[in-house]
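Please open the model in your viewer and keep the selection tool at hand.

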Amino acid sequence: MATANDSIGSLPSDFDVPVEAPSPADIATLLLFDDLLGKNVKLEPKVVHELLLLFLRLLQGPDVKFLDLCNHVESFSHELAYQLYIRMKAFMGDGVQELSDFIARLDVEPSNPTFVMSSNSILVMFVRRTVLAYNKLSFSQTQQFHILLQKYFHAKSEPEDQSHTVKRHNTSPTNNETDLTGCSFNRVPADGEETPWITSDDFQEDGRHSNVPNTKPITLPDKPWRTPTMPLSKRQAEIFLYEQASLLSWNEEAAEIPVVMQAHVSDILESNPDFTRARYLTYLNSMRVRDVFSATHALRHYFDRRPPLIAEDAAGEALDDGSSLRYAALSQAALHCQLGHLEETQLALQEAIQKAQEAADHVCLQHCLSWLAQLEQLKGSRGQALLQHSVRKASSQKPKTTSLSLQALLRHLATTGYSPSTVFEAVTMLNTLHAKLLLSDLYALATVQRAALWRMYGKSRLAVQQSQLLLFFPPRDEGFGESSVELGTESVCVALCHLAEMHAAQGRCMAAMEILEYARQRFPPHSQYSKLWMRSRLKILMTKALAEGKPHEAEPLVTRMCALDTAEGMYRKGLVLKALGQRQAAAAIFHRNVAACERAQPGFGPEIHIKSQLALAELQVQAGSACQAIPLFMAGLSRARAGYFQNLALRALVGLAHAQLLLGLPEESGRLLAAIADPILAHGSAWQCGRLLLLLAQGQLAAHAQDRIQALQHALSNLNQAQRWLLAANCGPATRDAAYLQARICHQLGLVSQRNQHALVFKRLQTEFPTHSTPPLTMH
């Protein structure tokens, strides 16, 4: 669809054409319609059918330049295009009498027997609406409209290229690829082609029609105005606003860039100052670039300057004028909530609730209840009663509100320790609702939410399946209807981030970066969802640097991570300090994280709480205090099991087994590792699998076994598998330890060539990752 920059300019400030005034393109369409219905031109029925389809595109699309319209009509009938040009030229006199007479005698009843026109057809309704709008113009407005009509008639067509020879595509007017605004007025036919296009030689000054080239072509007279620009009509403005608002919601990549969009909105407001919906597009555009001042300013003016609402509610009763005030307060609360201003959100919600209760507006109260529940969650309160009440109230309202309320309740249940059976019961209700009502957009959101749930519960394979399921849906622009999704939604961005992080966890960092590069192209840095893939990219880069033993490369990324996610950034900062050997500073950060989680500070959830406790325990192990680390591991394990965080619970058990191994309890450590080996190998990352097998081999070497040779062979097999996982994770220090143990085992088993190979690998890694301490385990 063409946008508002198709040779459309701004309306001069001294022109006061009302919003409902017809556009000059409407007059040209009326002339064409009158010629088609009248007996001025004889046409074949097939041509009439194609012209009617052309009318539909003219009515549904933006205004088309007059010369381009003549060129396109000429492809059907040269006589009809010539008649249209001559009749339009008759309006270019000094007065408006000719135009007024045409409007007065316009007959909307069909007179051509080649087709039947119903009085309730779209074309007839368009004619009646245009005639009524013209009759409402005052005398001064009619004079101004006549000037606009002159500009429209004399506006030049901008050629698509510098070439004067353009091939005519063999397409009919019914083809969707036909571009009404892409036709040039002066065309030269290609070799072997007939001459169907209107040229300047076809319209002579004396009005005689001739196909013979004339030495005196028509010359349009010069006009006093500087540029032949036209103001935006109401229909054109509505098309632009609806299209851009929809793109900002579902496919931000295809929307205009913020600067260009704001320029178009300014033109719309200059042409139609009372078109307040353009201010709401300014609000969306400002939130897109996080311009808080402009967003607040546009939102206030949207409600201050809009006319009284004349819409109707679900019962068919007219809405009261006070609805603008309560929805203004609700929108202001949503704006503050998105920016993290909790106190301002609370005050705005109280005002909206009070006004909605006075007017008995249940829909507004439902929205207020949803935002109030989200506000309570941000404050750290449970808010479960509010969410359940919101679901009950939403069931009697709109289905989309019901779906959003159910998804909010589902997130709350998942993060507050409810069992997976309870959570997936809500998921089943949600899937049933989406299947009944065919809510494809909300189904996409629910799909990526299921992926996040499986990932939280430690089932990475199922999380990958759900993310890929969403991406396998065909895009909406391919015309698959309800069984498709928009590729520019937040759900798609989250699914891409899930897949990238899971690929990186398995050691496929190049594939992860390719996925994030696609996400960057789909969601540019200035878009509202770009922080999702930016955060995933930083997490992958920092994890990779720490695994490779290069914490100095991860240190500059901490500030950027804190800007995107404060809680995750502080946790990553502690990990970097721990890797740099600054144990006291790292412990202080982890303790602050735990305190923030206990205070229920926004952003610091149970996952950060558990990970900080486990990091403190690992600090104790690194410092040689395995006894003091065991209570911390047990506390983290208890919290992880209470919240059903299986991945964190397995991490706590592996750390506990490591502490037991250091305390001289290899048998207990081996039994514990053998019990948790299956879920880790099935759903764990490459680093987790490699660490598990390395610890299992160390326990086998430290244990007193009756058959020593068999124990060494089992340990060597585990070390070989561990080395493959650690190489996939690109973890140099752990690979160095595995190579050292492999060389020792091969030496005891008499495998000289394998011993030399492992010793060579160890020597190379020891040079790259030097260590100044002996291994903590002894081999019996």
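Selecting the rings of Phe, Tyr and Trp brings up 13 aromatic pairs in the structure, where a pair means ring centres within 6.5 Å (six-membered ring for Trp), with planes under 30 degrees apart called stacked, over 60 edge-to-face and the rest tilted. This is a predicted model, in which local features need pLDDT of at least 70 and side-chain atom pairs pLDDT 80 or more, while totals for chains, interfaces and linings use all residues. Residues are numbered from 1 along each chain as its sequence is written, and side-chain values use heavy atoms, without hydrogens and water.

Select Y85 and F153 next: their tilted pair has 5.5 Å between centres and 40° between planes, and it joins helix α4 to helix α7 across 68 residues (helices being DSSP runs of H or I, at least four residues, numbered from the N terminus). Both Y85 and F153 are buried, that is, under 20% relative accessible area with a 1.4 Å probe and protein chains only, whereas over 50% is exposed and anything in between partly exposed.

Now turn to F424 in helix α17 and W454 in helix α18, 30 residues apart. F424 is buried at 19% relative accessible area, while W454, at 22%, counts as partly exposed.

Terms used:
Helices (H or I, at least four residues) and strands (E, at least two) are DSSP runs, numbered from the N terminus.
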